Amino acid sequence: MTAKYHLMREGALEESIDLDVVKPVQGPLAVDVTKLYRDQGLLTYDPGFMSTASCESRITYIDGEAGILEYRGYPIEQLAKEADYLEVAYLLLYGELPNKNQLLEFDDIITHHTMLNENLKEFFGGFHYDAHPMAIMVGVVGSLSAFYHDSTDINNPRHREISAHRLIAKIPTIAAASYKHSVGEPITYPDNELSYCANLLHMMFATPCEPYHPHPIAVEAMNLLFILHADHEQNASTSTVRLAGSSQANPFACIAAGIASLWGPAHGGANEAVLDMLTEIGDVSNIEKYIAKAKDKKDPFRLMGFGHRVYKHYDPRANILRETCKRVLDELADNNNPLFELALELEQIALKDEYFLERKLYPNVDFYSGIIYRALNIPNNMFTVMFAIARTVGWVSHWMEMMSDPMQRIGRPRQVYMGPPRRDFIPLDKRA
Ligand code: ACO
């Protein structure tokens, strides 16, 4: 299919050109502009990639207007209700749900790759005691590149798969170790008897002094949060992983780049920012004041956990989490949970406000995730780390998809240059 476009240069119609149109399985048509520069000498200009599809992908589908999210075609609501995180990880990585044997084998592989090289443990001690755990994550995950010379041939599909397994398996161990470092406790080794999420809680909260048994509700809630955070197509961190990988960088370095991108409060850091915001608002009586601040263009304050580049309707993940949030708080926290009550009230007031309605700003996944993590005793500065653990499988799946694409080439955007035109160098003694 092609589409006809009229090219105007300096106001005058110059010519008509035909551009190929790519038809997706679902979603809007995409105009293929790859030859526009070669054939017409023109670039497209799209800061923030508002209208740009950067690749073909078969992993995740989002319809932001309808509030739909699907992994490999399966609706997020069904996966959230029925599946285990590792089942979803297998689905994202390999494209199909595993059968019983495939799941057992995958579980076994991941479980048996959770240990860290003992030398890697030394790295944690090099960080200041109050380092943000995301800073430790970026450094330590990147440093995995230095440990696995047996499988760094990125052109070998089996090497890529081994790296993917290592990353999914070791990320929780690194995350838990970064937490232990921040509280001055010894690193806890993984326990192969436990599930992926139970093991993470064990590594975070067990000490050598007494037994620790993760609460089943906490394991269930974490499993759900991890499923909801596992992938979200070409978001900032996933695009970062793809761009880093497009230069043939090794997968550990690429995932470290993804973690760095996730850290920002406009992306994964929002769950931490939501809790900070709710604490700052403090009381229902202050909501109006903060809503006014969020609407004031001169005030940098934004309602954290609200708005999304793609969802112009409810983020389906926020809907699922609101219900879970209530259940987790009923079971694990004291019934009088002021932050949850405050969040519910804030949501109700914002959703009736013309400013938020006009701009289609709805709660996103992170509006409720932080409150659940708080109920699980996860400290605020670990919220984004939790997100990074869950998203690792998404990043790795996109990296694997990209690396096996025969059309793959380095990602290299162009620019619209607005700096000074050519000028001659002025020697230092002649400058004003
Ligand atoms: N509070 C107040 N106003 C907002 C908010 C907000 N949270 N989000 C967007 N707006 C306003 C903008 O000021 C802008 O108004 P204008 O048209 O009058 O100028 C309009 O809504 C559009 O906003 P943009 O910033 O242009 O939208 P963009 O798609 O670039 O940003 C983003 C999306 C970054 C998520 C933004 O909504 C935001 O900063 N939200 C708060 C942070 C957050 O919760 N991030 C998590 C996202 S989900 C995730 O990454 C897992």
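Visitor: What should I know before I start?

Guide: The model is predicted: local features need pLDDT of at least 70, side-chain atom pairs count only at pLDDT 80 or more, and totals for chains, interfaces and linings use all residues. Residues are numbered from 1 along each chain as its sequence is written, and side-chain values use heavy atoms, with hydrogens and water left out.

Visitor: Which residues come nearest to the ligand?

Guide: Arg 302, Leu 303, Gly 305, Arg 309 and Asn 364 do, out of 21 residues around the ligand. A residue counts as near if one of its heavy atoms lies within 4 Å.

Visitor: How does that shell split by class?

Guide: It has 11 nonpolar, five polar and five charged residues. Nonpolar here means Ala, Val, Leu, Ile, Met, Phe, Trp, Tyr, Cys and Pro; charged means Asp, Glu, Lys and Arg; the others, Gly among them, are polar.

Visitor: Which side chains have polar atoms by the ligand's oxygens?

Guide: Arg 309 has a polar side-chain atom 2.7 Å from an oxygen atom of the ligand. For Arg 302, the distance from a polar side-chain atom to a ligand oxygen is 2.9 Å. A polar contact is a pair of N or O atoms within 3.5 Å; within protein, one must be able to donate a hydrogen and the other to accept it, and residues adjacent in sequence count only if both atoms are side-chain atoms.

Visitor: How much of the ligand does the protein cover?

Guide: It covers 75% of the 930 Å² of accessible area that the ligand has on its own. Accessible areas come from the Shrake-Rupley method with a 1.4 Å probe; for residues, only the protein chains shown count as cover.

Visitor: Back to Leu 303. What does it touch?

Guide: Leu 303 touches Met 277, Ile 291, Ala 294, Leu 346, Ala 350 and Phe 356, not counting residues up to four places away in sequence. Contact means heavy atoms within 4.5 Å. Leu 303 is also among the residues with the most contacts inside the largest nonpolar core.

Visitor: How many residues are in that core?

Guide: The core has 122 residues. Helix 18 (residues 383-403) gives the most to it, with 14 residues. A nonpolar core is a set of buried Ala, Val, Leu, Ile, Met, Phe, Trp, Tyr and Cys residues joined through side-chain atoms within 4.5 Å. Buried means under 20% relative accessible area, exposed over 50%, and partly exposed in between, with a 1.4 Å probe and protein chains only. Helices (H or I, at least four residues) and strands (E, at least two) are DSSP runs, numbered from the N terminus.

Visitor: Is helix 17 mostly covered or mostly exposed?

Guide: Mostly covered. Nine of the 10 residues in helix 17 (residues 366-375) are buried, including Phe 367 and Tyr 373.

Visitor: What covers them?

Guide: The cover includes helix 9 (216-229), helix 12 (270-281), helix 14, helix 15 (338-351) and helix 18. After helix 17 comes Asn 377, with a positive phi near 70°.

Visitor: Which other residues have a positive phi?

Guide: Arg 72 is one of them, near 50°. It is in the loop between strand 5 (68-71) and strand 6 (74-75). Glu 233 has a positive phi of about 40° and lies in the loop between helix 9 and helix 10. Most residues other than glycine have a negative phi.

Visitor: Now two arginines. Is Arg 242 buried or exposed?

Guide: Arg 242 counts as buried because its relative accessibility is 9%. It lies in helix 10 (residues 236-246). Beyond its neighbours within four places in sequence, its contacts include Glu 56, His 398 and Glu 401.

Visitor: And where is Arg 327?

Guide: Arg 327 is in helix 14 (residues 316-332). It has a relative accessible area of 40%, so it is partly exposed. Leaving aside neighbours within four places in sequence, Arg 327 is in contact with Ile 217 and Glu 220.

Visitor: Last one: what does Ser 151 touch?

Guide: His 159, Ile 162, Ser 163 and Arg 166, not counting residues up to four places away in sequence. Ser 151 sits in the loop between helix 6 (133-143) and helix 7 (157-183). It is buried, with a relative accessible area of 2%.
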